[in-house]
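Look at the aromatic rings in this protein model. Which rings meet, and which ones have a charge above them?

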Amino acid sequence: MIIDKLQNLKDYAALHPQFRKVVEFLSNNDLQQLEAGKHEIGVEGGFVNVQEAKGKTSHEAVLEIHRKMIDIQVPLSGEETFGYTPTQDLPDADFDEEKDIAFFPGEESQSYVTCKQGMFVIFFPQDGHAPCISAESNIKKAIFKIPV
C-alpha cells in the first residue's frame, strides 16, 4: 500500500508500466468534471470508475482483495479512511474470478489510513482494504483499476 499526495503520483510511475498512463490521464482530465461511471484511460484492461458511495463506519466497511487489478483510489469529496490488513493475514474466502474480488465480512482491519482530497492510495493484490469509511453520508471518489 502507498499513500501520498496526488502531485507525487508521477514519482511512483516506475513501479508499474501502466502508472504513467494514469499520470497522463490526470494531467489531461479533471476528475471532478467526469460523470459517474467507467472511463477509458488508455490502459489495456484498465479504466477509472468515478462513483458516489455511502460513507460507512469502520465496523460497516468490509475488507476486500483483488488478484488481477491494482487500485489507485482518489477521494474527490472530503476525506476517506481505509481499513488495511495484509492479504496473507486474511482467512480463506470465496473469490469471484470474474469480478476479481473477495470480501471478508466480520474481519476487523489491522490498521487504518486516511486519504484527504488531493491525495491517493494504491492497493496492490497483497493489500486487503476496507474502503468508504467516512463521517460523510456520501462520498465521491475515483478508482483507477490497473491490471497487474
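## Ground rules

Buried means under 20% relative accessible area, exposed means over 50%, and partly exposed lies in between (1.4 Å probe, protein chains only). By that rule Phe19 is buried, at 1%.

The model is predicted: local features need pLDDT of at least 70, side-chain atom pairs count only at pLDDT 80 or more, and totals for chains, interfaces and linings use all residues. Residues are numbered from 1 along each chain as its sequence is written, and side-chain values use heavy atoms, leaving out hydrogens and water.

## Aromatic pairs

Rings of Phe, Tyr and Trp (its six-membered ring) pair if their centres lie within 6.5 Å; planes under 30 degrees apart are stacked, over 60 edge-to-face, and the rest tilted. The structure has four such pairs. One of them joins Phe19 and Phe124. Their centres are 6.4 Å apart and their planes meet at 40°, so this pair is tilted. Helices (H or I, at least four residues) and strands (E, at least two) are DSSP runs, numbered from the N terminus. Phe19 lies in helix H1 (residues 19-28), and Phe124 in the loop between strands S9 (119-123) and S10 (127-133), so the pair ties together parts 105 residues apart in sequence. Phe124 is buried, at 17%.

Phe25 and Phe144 have ring centres 5.9 Å apart and planes at 80°, so they sit edge-to-face. Phe25 is in helix H1 and Phe144 in strand S11 (residues 138-147), 119 residues apart. Phe25 is buried at 10%; Phe144 is buried at 0%.

## Charges over rings

A charge sits over a ring if NZ of Lys or CZ of Arg is within 6 Å of the ring centre and within 35 degrees of the ring normal. Lys38 places its charged end over the ring of Phe47, 4.6 Å from the centre. Arg67 has its charged end over the ring of Phe95, 3.8 Å from the centre.
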